[in-house]
Amino acid sequence: MTIQIYGPTASRAARALWIVHELGIPFEHMAMEMKDLKTPEYLKINPNGKVPALVDGDFKLFESMAINLYLAKRFNKDGFWPATPEDQARCYQWSFWGMTEVEKPLLTILIDMFMTAPDKRKPEAVAEAQKALPKPLAVLNTALEGREYLLGPTFTVADLNLASILSWSRPIKYDFKPYPNAGAWLDRCLARSSYKAAKATK
Ligand SMILES: N[C@@H](CCC(=O)N[C@@H](CS)C(=O)NCC(=O)O)C(=O)O
């Protein structure tokens, strides 16, 4: 049965769309409209009423990082899901780290910039978010010193998951000059044809 990915391309479903393109997994895109996320039918798929969600036969899953880690392991190709428990743990590490250390401040800035009426903007919240980013970005920059990808020479799910979160730094034009390794790594990740194909998914 074909895997189904629920959620519009312009949402966190983009993360799952990127991985299915990266791994060449056949999939059906259930694009959904945000207004339909609380319908009884959709709540049977994701009781949170949020996207993305994945349906793989009888198996249903929510949370973008969990979906991607599942797909990486199930459909592994060319070391995208690494072989050792240590490297697998690093994939969890960077995925959880992205969600807990950088996603919220980036989203705060993104929403304020593009989805908030000028009179409703919150410069204090944005300033707080701006203040939260340098520390984790410096950690990332150091981790990428002398390496092409987070685990070494191979692009893995750790890179895809974290880059999918950090891709939000692009529309807000976040300045990566103080973090050149991280900036170059993000460029490499977002230059992949699978990322471009995911963005073009209707
Ligand atoms: N932690 C969740 C967050 C999911 C989430 O908040 N998705 C947004 C779209 S990007 C959503 O469905 N919002 C609708 C709502 O909150 O009602 C994940 O990463 O999957």
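A pocket here is an open set of points, on a 1 Å grid over the protein atoms alone, where a 1.4 Å probe fits and where protein lies on both sides within 12 Å along at least five of seven lines; its lining residues have an atom within 4 Å of a point. This is a predicted model, so local features need pLDDT of at least 70 and side-chain atom pairs count only at pLDDT 80 or more, while totals for chains, interfaces and linings use all residues. Residues are numbered from 1 along each chain as its sequence is written, and side-chain values use heavy atoms, with hydrogens and water left out.

**View 1. The largest pocket and its lining.** The lining runs to 35 residues, with A10, S11, R12, R15 and W168 nearest the pocket's centre. Two or more lining residues come from each of α1 (13-23), α4 (85-114) and α9 (193-199); helices are DSSP runs of H or I, at least four residues, and strands are runs of E, at least two, numbered from the N terminus. The top contributor is α4, with six residues. By type, the lining splits into 19 nonpolar, eight polar and eight charged residues (Ala, Val, Leu, Ile, Met, Phe, Trp, Tyr, Cys and Pro are nonpolar, Asp, Glu, Lys and Arg charged, the others, Gly among them, polar). The volume is about 930 Å³, taken as the space filled by probe spheres set on the grid points, which are joined across faces, edges and corners.

View 2. The side chain of S64 has an N or O atom 2.7 Å from a ligand oxygen, and the side chain of R12 has one 3.1 Å from a ligand oxygen. E63 puts a polar side-chain atom 2.8 Å from a ligand nitrogen. On its own the ligand has 520 Å² of accessible area, and the protein covers 74% of that (Shrake-Rupley method, 1.4 Å probe).

View 3. Most residues other than glycine have a negative phi, and most peptide bonds are trans. V51 and P52 are joined by a cis peptide bond, with omega about 5 degrees. M32, in the loop between β2 (27-30) and α2, has a positive phi, near 60 degrees.

Technical notes:
Polar contact = N/O pair within 3.5 Å; in protein donor to acceptor, adjacent residues only side chain to side chain.
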